[in-house]
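Biologist: Can you walk me through this one? I'd like to start with the rings.

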Amino acid sequence: MSGVLIRRIEEGDLPALLDIYNHYVIHTAISFDVEPRTLADRQDWFATFRSEGRYQCFVAVEDGRAIGWASSGKYKERAAYQTSAELSVYLAPDKHRRGLGRQLYATLISALKGADIHRLYGGITLPNASSVALHESFGFKRVSLTSEVGRKFGKYWDVALYEREME
């Protein structure tokens, strides 16, 4: 992947990452947001990340522009869930099928080693064969399916929950 750098998120990445995320909000059921996010929303999101610990974010940068990211965040709000983290990965729509998602996840999961995390989770709106394959390649196993849990574009969508033990 010549010309692509994977590094920690920087505040200057937020406009590009916002554009990527909002593409999925507007055009897909991958995100259950139904209204585009704002830059202020992304700044709040950015503030949750640290250079170590449970909540981190890495971006793929090409030609000086962020083209995707992988992040870890709270799995659920209640305190007993704090040793679980939910992972997300998003790529610019024209940057798929290049191994960037795999590279981002590998970097993120490696950085999370040593953090006080017991389990990693990924929620996948179905169908999404690419995301399922990515998660399974990292040892995630499907542990549940929530049928028709979200409605978007006038259709109900299923979400599969994938889990893996943190090593």
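Predicted model: local features only at pLDDT ≥ 70, side-chain atom pairs only at ≥ 80, totals over all residues.

Biologist: How are Trp-69 and Tyr-90 arranged as a pair?

Modeller: They are stacked. The ring centres are 5.0 Å apart, with 25° between the planes.

Biologist: Which strands do those two sit in?

Modeller: Trp-69 is in strand E3 and Tyr-90 is in strand E4. The pair therefore ties together parts that are 21 residues apart in sequence.

Biologist: Is Trp-69 buried or exposed?

Modeller: Trp-69 is buried, at 1% relative accessible area. Tyr-90 counts as buried too, because its relative accessibility is 12% and the cut-off is under 20%.

Biologist: Which residues do the ring pairs link into a cluster?

Modeller: Tyr-21, Tyr-24, Trp-45, Phe-49, Trp-69 and Tyr-90.

Biologist: And what does Trp-69 touch, beyond its sequence neighbours?

Modeller: Quite a list. Among them are Leu-17, Ile-20, Arg-42, Cys-57, Val-89 and Leu-104. Trp-69 and Leu-120 also have the most contacts inside the largest nonpolar core, which has 45 residues.

Biologist: Which element gives the most to that core?

Modeller: H1, with seven residues.

Biologist: Back to Arg-42. Where is Arg-42 found, and is it buried or exposed?

Modeller: Arg-42 is in helix H2, residues 39-46. Arg-42 is buried, with a relative accessible area of 6%.

Biologist: Which rings does its charged end sit over?

Modeller: The charged end of Arg-42 sits over the ring of Tyr-21, 4.7 Å from the centre. The charged end also sits over the ring of Trp-45, at 4.3 Å from that centre.

Biologist: Which residues outside its sequence neighbourhood is Arg-42 in contact with?

Modeller: Leaving aside neighbours within four places, Arg-42 contacts Leu-14, Leu-18, Tyr-21 and Trp-69.

Biologist: New topic. What is the strand order in the sheet?

Modeller: E1-E2-E3-E4-E5-E7-E6. The sheet is open, has seven strands and shows mixed pairing. Its edge strands are E1 (4-8) and E6 (141-152), each pairing on one side only. Neighbouring strands are turned by 25° against each other on average, direction ignored.

Biologist: Which strands does H1 touch?

Modeller: Helix H1, residues 14-27, packs on the sheet and touches E2, E3, E4 and E6. The direction of H1 makes about 75° with that of E3.

Biologist: How do E5 and E7 run, and how many bridges join them?

Modeller: E5 and E7 run antiparallel, and eight bridges join them. Leu-126 stands opposite Asp-158 in E7. Helix H4, residues 129-137, packs on the sheet as well, touching E4, E5 and E7. The H4 direction makes about 165° with that of E5.

Biologist: What about the peptide bond from Leu-126 to Pro-127, cis or trans?

Modeller: That bond is cis, with omega near 0°. Pro-127 is placed in the loop between E5 and H4. Most peptide bonds are trans.

Biologist: Which non-glycine residues have a positive phi?

Modeller: Arg-97, at about 65°, is one of them. Arg-97 lies in the loop between E4 and helix H3, and it is exposed at 78% relative accessible area. Glu-148 also has a positive phi, of about 45°.

Biologist: Where is Glu-148 found, and is it buried or exposed?

Modeller: Glu-148 is in strand E6. Glu-148 is exposed, with a relative accessible area of 52%.

Methods: Residues numbered from 1 in each chain as written. Heavy atoms only, no water. Pairing = 2+ DSSP bridges. Helix = DSSP H or I, 4+ residues; strand = E, 2+ residues; numbered from the N terminus. Axes fitted to C-alpha atoms, helices over the stretch in contact; angles between N-to-C directions. Contact = heavy atoms within 4.5 Å. Buried < 20%, exposed > 50% of the residue type's maximum accessible area, 1.4 Å probe, protein only. Core = buried A, V, L, I, M, F, W, Y, C linked by side-chain atoms within 4.5 Å. Phe/Tyr/Trp six-rings, centres within 6.5 Å; stacked < 30°, edge-to-face > 60°. Lys NZ or Arg CZ within 6 Å of the ring centre and 35° of its normal.
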